[in-house]
Amino acid sequence: MKNIWILARREFQTFFDSMVAYILLVAFLIFTGLFTWVTGGMDVFYIQQANLVGLFQWASIIFVVFIPALTMRMVAEEKKTGTLEVLLTRAVSDWEIISGKYLACLMLVGVALLFTLPYYFTVAYLGPVDHGATICGYLGMMLVASAYIGIGLFASSLTSNQFVAFVVAILINLLFLFLFGILSDTFSGVAAEVLNYMGFNTRFSSIARGVIDSRDIIYFLSLTALGLVLAESQLARRNVID
């Protein structure tokens, strides 16, 4: 655990040293601010309700691009520059490397969400807010982000090209966010239920409404774990080939 934390802190600091964190944070806050207050069909003034539904719904979509931009370099760049070999020659396991990178990304997402708290306080000032639903919405965003990070790290582990990793992660994210839901509408019976089960939308929407179902939490955590395990296996496979 000590090695994971050391690696996570190093990666977290690297985000700010390279300006990546500042660019992504500003972009994230601009877009979420627009969709919370101005446009998107679910903004506060359009629905005339004191809630953050617009923020939660649109943030899960913004994460489709935001998080691959965060994860694309995590393994791919280290492969390209050769710094991954340096890490692997030290007393650090493949799992510790992937876990450290995952934790660093999750910490930065947490910082991004903390910067949206002024939206919450402003909405609470405008009218009565369902605080429980709001807390669940933030929990849901962290769970979605966690799954996207797992997917992003897996995509980054497949290649040494950051752009390829970025595109692959976005395509997989879109598959879970939209395609499974669309496909479930074209099928019926068991097939429709399975496809609907695999999609993000239904599960995140229920959490954002304040409904905590252990199956939804297990789903997102399982998808996160799968992404991390696949990323680790890519490192292990590379070690065997080398």
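Modeller: Let's start with the term polar contact: a pair of N or O atoms within 3.5 Å, where within protein one must be able to donate a hydrogen and the other to accept it, and residues adjacent in sequence count only if both atoms are side-chain atoms. This is a predicted model, so local features need pLDDT of at least 70 and side-chain atom pairs count only at pLDDT 80 or more, while totals for chains, interfaces and linings use all residues. Residues are numbered from 1 along each chain as its sequence is written, and side-chain values use heavy atoms, with hydrogens and water left out.

Colleague: What makes Leu29 and Thr32 a polar contact?

Modeller: A polar atom of the Thr32 side chain sits 3.3 Å from the backbone oxygen of Leu29, and the limit is 3.5 Å.

Colleague: Why is Thr32 called buried?

Modeller: Buried means under 20% relative accessible area (1.4 Å probe, protein chains only). Thr32, in helix H2 (residues 20-37), has 1% relative accessibility, so it counts as buried.

Colleague: And why does Gly54 count as buried?

Modeller: Gly54 has 3% relative accessibility, so the label buried applies here too. Gly54 is part of helix H4 (residues 53-71).

Colleague: Why is H1 called oblique to H7?

Modeller: Their axes, lines fitted to C-alpha atoms over the stretch in contact, cross at roughly 50 degrees. Angles under 35 degrees count as roughly parallel, over 145 as roughly antiparallel, 65 to 115 as roughly perpendicular and the rest as oblique. H1 is therefore oblique to H7.

Terms used: Helices (H or I, at least four residues) and strands (E, at least two) are DSSP runs, numbered from the N terminus. Buried means under 20% relative accessible area, exposed over 50%, partly exposed in between (1.4 Å probe, protein chains only). Axes are lines fitted to C-alpha atoms, for helices over the stretch in contact, and angles run from 0 to 180 degrees between N-to-C directions.
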